[in-house]
Structures are given as structure tokens and as C-alpha cells.
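Please keep the sequence and the model in view while reading.

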Amino acid sequence: MALGSYGITRPADMSPEDVEIIMHYTPSRDVTEDFVLKTLDAATILTPYFHNNNTGGNTNEILGGMYNLTLPSTEFNEKGIYTLYIRPAEIRTTITDCGVLSALPNVKGIIVDLNNVDPKFRNKFVAQGLVGFRVEYLNDDGTKIPNFYRIVTSSFYCEPVTTNLTNSSQKSIRYRYVENGSDLMFCTLSPSSAPSNKPNATPYIGQPDQDIIITNTFFNPITLDIEMAEHDIDTLAIALYGNQTKSMEDGIYTLYDPSNNIYKQYNLFEIRDEFNNLLFEVRQDRGDNIDFSKNFNSVIN
Amino acid sequence: MKSDRTYYLISPGVLSDDIIKETYSGNTFGVYSAMTEILSGGTNGSSLLTGLTLPIVFTQTYNDLGYYTPFDGYILQKDVVNNFVYSANTTSPFELFVYNTSDKEFKKFLQLADYVIDWGDGSGTQSINSTSPSYLSHTYSYSSAFTVTITQTNPWGVTTVKKTITVPFSNITITNPEGNITFTPQGGNWSGTPLSYDFIFSGDAENNISSQVSSNYVSVPFMVTGYTKSRLTSLGNYGTVKYATNVPIIKNGQIYGVIDEINNDYTAYTINDVTYYDYPDGTTLYMENSSGLTANDLSVSAITKQEVLLDMVSSPEIQSEVFIERGKNSAFEGIERLGEVDNIGDLTRYGYGFYKINKV
């Protein structure tokens with residue numbers, strides 16, 4: 001019988017360095033082949049919000065959950081659809097060895113050499129620093145093994161203990177934990193023990209020299225669909241419900257926003273034939289050629 | 001892992017950077033620029049919207065990674081018939097200490113099976129029948145790698161354990177920590193054929209509390225205080241003077257508490273090292289010093305993880321932490337051997353009525 005319940009969603013408070021932002025751009029919804037796909041620097045454009053005097057926490061305490069994302073002007077410089085895929089940063093490295101602890105041979109794990117880790121991620125490779133990270137595996141041809149992952153359940157520095165096997169040229173390498181001073185990290189994974197109903201079905205945890213992707217699970221991936229457009233409901237409302245003037249002298253038709261800023265200006269004129277028959281009524285966008293004398297206050301005063 | 005998708009539409013209607021201030025005939029007003037011009041009007045075609053930011057929200061869906069539980073196995077050296085460990089120190093690097101870690105009970109059972117140690121330097125053999133923590137020491141006369149061998153002969157065969165040590169001892173460098181055991185059967189089809197395998201190294205990492213605790217406790221205790229109900233009545237004495245100061249109250253053979261002071265302002269007393277103050281208005285204040293999480297609160301044990309709590313066990317599995325201890329008798333169920341039966345009552349009860357007693 002359950003004694004209570006608990007939620008399983010919390011505001012994330014990860015560092016921007018733990019984030020990877022991938023930008024996808026296409027100028028229109030129907031252009032699907034000519035797209036831009038690139039990575040943006042999360043550490044530069046993502047900033048966490050901190051508490052202030054109105055939110056109850058210390059000013060150096062992260063608010064949690066809410067971040068400010070800057071859209072760099074060098075990238076967001078065209079109209080179109082920008083899709084930002086924000087996911088946990090991926091640490092790419094290689095399994096140095098798969099082994100067991102010398103004192104507890106039933107504890108299996110993978111060994112990662114810190115020299116094969118990008119320096120900016122090495123701060124994660126400390127005792128218990130990788131707990132909860134996800135490990136995904138690559139094949140020899142570089143493809144990723146789909147729908148397959150393991151979870152790191154512990155990580156400690158280790159060093160090898162060498163033992164010669166009897167009647168064999170093989171060497172049995174086992175590992176023992178050390179406090180520090182080692183470049184090797186022993187990561188136990190889950191699941192790594194065989195089910196009791198089939199004890200020889202040891203779960204796969206990788207193999208030496210296999211490329212792996214280690215990913216934090218500090219937050220859930222999100223997708224932002226950002227559309228840079230000429231119009232939205234507000235601008236259409238300006239055209240429909242905003243103040244308007246039409247100069248009878250020169251036919252300049254002006255639209256104003258709620259603050260009476262000039263939103264658009266048009267030339268209104270008619271086209272007639274040599275018999276003075278009306279052929280067209282024209283509304284022509286004046287673009288940048290704004291007649292400032294048609295500002296609203298000058299017109300009505 | 002849950003993934004969220006959010007849509008944003010950015011147009012001149014939600015921007016302020018695209019409104020350029022102008023003045024005409026003393027009137028100040030703004031003029032909108034086209035989105036295309038804003039987006040590409042900067043240096044090298046960059047956007048003029050340099051301050052375009054979005055507040056976004058991240059959440060984490062989490063699962064408990066399970067808890068660590070004391071290893072549900074009994075960890076001990078794998079073979080208890082014959083084994084030893086050794087130690088040395090850098091202050092006397094040529095001296096080796098050997099501890100016979102063979103099972104004492106086994107030694108009791110096979111009293112004739114003596115242990116003999118060969119130090120590996122040609123100095124001859126030596127008996128080592130006392131077990132750990134007793135030890136034998138040996139001082140080597142020259143630097144080399146020596147194979148220390150302990151041999152034990154029993155009616156079934158000869159077991160030898162060999163471990164190679166390097167002299168002088170320099171530091172914690174374990175060249176062959178596991179050692180090797182050889183058993184030579186005395187009879188049967190395999191008589192005289194040595195069988196050997198490697199021992200498993202018994203010492204993994206530095207397993208002591210001082211290495212585990214870090215800055216989780218403080219050396220200078222801090223005060224823990226609060227309000228509670230008075231416990232003064234538990235310090236009452238029998239007799240005419242019910243409450244006396246500086247008279248320790250003994251319970252279960254130990255000092256339970258003492259009344260420190262009684263005056264008009266308060267009554268101060270101590271129970272189990274917690275100081276209490278009873279005030280005339282009925283409030284009671286308690287004070288106690290704490291050092292946080294100290295080494296006394298921690299115990300060392302091997303840890304394993306309950307994968308079943310991760311929701312990652314891929315097949316039905318029964319995990320149990322119920323242990324059955326064999327050979328334990330209830331305190332209320334006295335059982336006597338036949339040699340201990342020394343009266344009629346014992347004989348009547350023996351074996352739950354094993355003997356049929358005819359009373360005449």
C-alpha cells in the first residue's frame with residue numbers, strides 16, 4: 001500500500017556547459033532539403049536566471065528551471081523557421097577496457113581513460129561525478145546502436161591489477177579503486193547483472209576500444225520552433241483596428257500602431273485611360289520612403 | 001525522457017528595435033522598419049536585433065537511482081584452508097610481516113595440519129601455526145623479489161600459497177596481490193597432480209571511515225536548541241526532598257540526569273547530556289551541542305545497488321533480504337543432550353517425551 005506519492009519532474013538547474021544547442025534553419029515550411037544545421041555555443045547564449053530580492057532567494061542562488069536564451073544576431077538574420085534542439089551535452093570517448101573489481105569480481109564496469117575525454121568535460125570525471133549519466137554505443141562503422149543505452153551507477157578512480165592466468169598467455173586485468181592520482185575511471189553500469197532466471201545472460205555493457213557517448217540527464221531535451229515573420233496578429237490588428245489617415249492632397253495612406261507610430265505608408269492613386277475611364281485603383285507600399293509630415297499628431301492638430 | 005516543443009513567432013509587432021524615432025514639426029514619433037530590413041541591416045548582413053532573447057524553461061524528469069544496501073553476501077577470503085597476507089613499512093623496508101589468515105576453526109579441526117612458511121631467500125622453513133592477528137616477521141639481507149610460500153599438509157593433500165614480494169619495500173606497490181594457491185591431492189586419480197589457481201585480492205581500495213567522511217561534520221560543535229515539554233518529573237526522588245540539585249539520578253545502572261540549578265527564574269537540569277531550562281511561564285527550553293554528521297554515524301560496508309528499483313531489470317526477479325540463521329534455539333526452548341539429563345524432570349521432558357515414563 002502506498003503511503004504517499006511524489007512528483008518526478010523538477011526544475012532543472014544545470015550549467016550551460018551541460019547543454020548542447022543545435023540549430024536547424026529553413027526559409028519556409030516547404031523547403032526541406034536546403035536547410036542549415038549547426039551547433040550554437042550554449043555557454044555563450046544560455047544564461048540561468050538568479051533570484052533577486054523579490055523572489056525569496058539569495059542573489060547568487062539559481063532560480064531553477066528558467067533560463068534566458070539569446071538568439072545571436074549573426075545567425076537569426078533571415079526570415080524563416082528556426083528550430084532549436086536543446087539537449088544534454090554529449091561526451092564522446094572510447095572504452096579503454098571492460099573489467100571487474102579485483103575484490104568484487106561480480107561488479108562489472110567500463111574503464112574510461114580521462115586522456116580520451118574532451119578537457120572541457122573532464123570535471124565530470126571525478127568520484128561519483130558520472131552517476132546518472134547515460135552511455136550509448138557506436139558500432140565500428142560509426143553508426144549508433146539504436147534504442148540501447150546503459151546508466152552509470154557509480155564512477156570511481158581506479159588502477160589495474162595484473163594477474164597471469166594459469167596455463168594461458170592471457171592476462172587477467174582487474175581493477176581496484178584508488179582515491180585519486182589515476183587517469184582511469186571505473187564506471188559501473190545498470191543493468192550489468194544477469195537475471196536470476198537466466199544467469200548466463202549477462203547484459204552487454206560495451207567492449208574495449210568501442211566508441212561511446214556519455215550524456216548527462218540533468219534536464220529533458222526541448223525544442224523551440226522560432227519563426228521570424230513579417231506579420232503576426234498584432235501587426236494585422238494595426239492594419240485593421242489602428243488609426244489611419246489618408247491625405248487627399250497627395251494620396252498618402254498611413255497606418256498607425258496604438259502608440260501612433262507609423263507602421264505602414266501607402267500611395268493611393270487611380271489609373272485611367274485616355275478617355276478618363278477608371279482602370280485601376282492602386283495601393284502602393286512606400287517602403288522606406290516615409291512621409292514624416294503624415295505623423296498622426298501633425299495631421300490631427 | 002520527456003521532450004517539450006514550444007513555438008515562438010517573432011515579427012515587428014513584438015519588437016521594439018524596429019521602431020526608429022523621428023521628429024517632425026516638434027512631434028516625436030516612431031516609424032516601423034520592415035522585418036527583412038531589420039534582420040539583415042547589420043554589419044555583414046547580420047541582424048539588428050542584437051538583444052533578442054527568449055526566457056525558456058527546463059525541467060528534469062528524474063528517477064531514484066536506487067539505494068545502496070549492505071552487500072548481501074558474506075565477504076571473506078575465498079579459500080580458508082590456507083592463506084596469508086603480508087605487510088611492510090618504509091621505515092624498515094627489509095622486514096616483512098606475514099599473517100596466517102587460514103581459518104582458525106579449520107586449524108582446530110585439523111590439529112595435526114601444521115603450516116610451514118618458506119621466506120624464499122634460502123633461509124629455511126619455519127612453522128607458523130598461530131593465525132592473524134599474530135604474525136611472523138623476517139628480515140631479508142639483500143634486495144630482490146622473493147616468493148613467500150606457506151605450505152599446509154593435511155590428510156587429503158598439500159596446499160601451498162605463494163605470493164611474490166619485493167624487497168626493499170618502497171611504497172604501496174602491489175606487484176602480485178592475489179597470490180597463487182596449489183593443491184596436490186594425496187590420493188585418488190589426481191594424486192600427486194598439482195592443481196592451482198589465483199587468489200582474489202582481499203583488500204580493495206582504502207576502506208576506512210576516515211577516508212569516507214569529508215567535510216560533512218564540523219570540529220567545533222554548534223548549538224541545537226528549541227522548545228519542548230518539561231521532563232523535570234523524571235528526575236524526582238523518593239522521600240521528603242523530591243527535587244534536589246546536583247544529585248545524579250541513576251537509571252538502569254547509568255547516570256540518567258541531574259538537576260543543576262533551581263531558582264526563582266528557572267530550573268536547569270540535564271538528561272542524557274541534553275540541558276533543559278524550565279521557566280515559570282511553563283515553557284521549557286532545551287540545548288544540545290551537535291557536530292553534524294560524524295564518523296560515529298557512519299559504518300563501513302560493501303555496497304551493492306538494487307537494480308530492481310531502477311525499473312531496469314529486464315526480467316521477473318525475486319529479490320529478498322530475508323536471512324535465515326541456522327542453529328539458533330529459542331531462549332524459551334531449552335534442549336538438553338542425553339548426558340545432561342540428571343533428574344526425573346529432565347528425563348520426562350527429554351526429546352519432547354521421547355521416553356515413556358511409568359509412574360508407580
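## Leu184(A) and its surroundings

Leaving aside its neighbours within four places in sequence, with which residues is Leu184(A) in contact? The model examined here is a predicted one. In it, Leu184(A) is in contact with Thr96(A), Ile111(A), Asp113(A), Tyr157(A), Cys158(A) and Glu159(A), once neighbours within four places in sequence are set aside.

Leu184(A) belongs to strand β12 of chain A, which covers residues 184-190. Because Leu184(A) has 20 C-beta neighbours inside 10 Å, it counts as buried; the cut-off for a buried residue is 20 or more. Val112(A) lies 72 residues from Leu184(A) along the chain, yet the C-alpha atoms of the two are separated by 5.6 Å.

In soluble globular proteins, nonpolar side chains tend to be buried together. The largest nonpolar core of this model has 52 residues, and Met185(A) and Cys187(A) are the ones that touch the most other members. Strand β10 of chain A (residues 150-164) supplies the largest share of this core, namely six residues.

Cys187(A) has contacts of its own beyond its neighbours within four places in sequence: Gly109(A), Ile110(A), Val112(A), Leu130(A), Val152(A) and Ser155(A).

## Two sheets with strands from both chains

Strands of a sheet pair through backbone hydrogen bonds, either parallel or antiparallel. One open sheet has five strands in the order β3(A)-β2(A)-β6(A)-β14(A)-β1(B), and its pairing is mixed. Its edges are formed by β3 (36-40) of chain A and β1 (4-10) of chain B; each has a single partner strand, so one side of each is left without a neighbour in the sheet. On average, neighbouring strands of this sheet are turned by 20° against each other, direction ignored. Within the sheet, strand β6 of chain A (residues 80-88) and strand β14 of chain A (residues 222-228) pair in the antiparallel sense over seven bridges. Thr83(A) stands opposite Asp225(A), a residue of β14(A).

Another open sheet has three strands, ordered β4(A)-β5(A)-β4(B), with antiparallel pairing. Here β4 (46-50) of chain A and β4 (53-57) of chain B stand at the edges; each has a single partner strand, and therefore one side of each lacks a neighbour in the sheet. Neighbouring strands of this sheet are turned by 35° against each other on average, again with direction ignored. β4(A) pairs with strand β5 of chain A (residues 62-70) in the antiparallel sense over four bridges, and Thr47(A) stands opposite Asn68(A) in β5(A).

## Chain B and its hairpins

Chain B contains four helices and 22 strands. Of its 360 residues, 15% are buried. Among contacts in chain B between residues at least 6 apart in sequence, 48% join residues at least 24 apart.

The bridge partner of Ile262(B) in β19(B) is Thr267(B). β19(B) also pairs with strand β20 of chain B (residues 274-278), in the antiparallel sense and over five bridges; Tyr269(B) has Tyr276(B) as its bridge partner in β20(B). The hairpin of β19(B) and β20(B) has two residues between the strands, and Asn272(B) in its turn has a positive phi of about 50°.

## Backbone details in loops

Most residues other than glycine have a negative phi, and most peptide bonds are trans. Which two residues does a cis peptide bond join? The bond lies between Val167(B) and Pro168(B), with omega at about 5°. Pro168(B) is in the loop between β13 (157-167) and β14 (180-185) of chain B.

Asn276(A) has a positive phi, near 65°. This residue is placed in the loop between β17 (262-272) and β18 (278-285) of chain A. Asn276(A) is exposed, with 6 other C-beta atoms within 10 Å. Asn252(B), also not a glycine, has a positive phi of about 55° and is found in the loop between β17 (249-251) and β18 (254-262) of chain B. Because 5 other C-beta atoms lie within 10 Å, Asn252(B) is exposed; the cut-off for an exposed residue is 12 or fewer.

Terms used:
Residues are numbered from 1 along each chain as its sequence is written. Chains are lettered from A and ligands numbered from 1 in the order in which they are written. This is a predicted model: local features need pLDDT of at least 70, side-chain atom pairs count only at pLDDT 80 or more; totals for chains, interfaces and linings use all residues. Two strands pair if DSSP finds at least two bridges between them. Axes are lines fitted to C-alpha atoms, for helices over the stretch in contact, and angles run from 0 to 180 degrees between N-to-C directions. Two residues are in contact if their C-beta atoms, placed from the backbone, lie within 7 Å. A nonpolar core is a set of buried Ala, Val, Leu, Ile, Met, Phe, Trp, Tyr and Cys residues joined through C-beta atoms within 7 Å.
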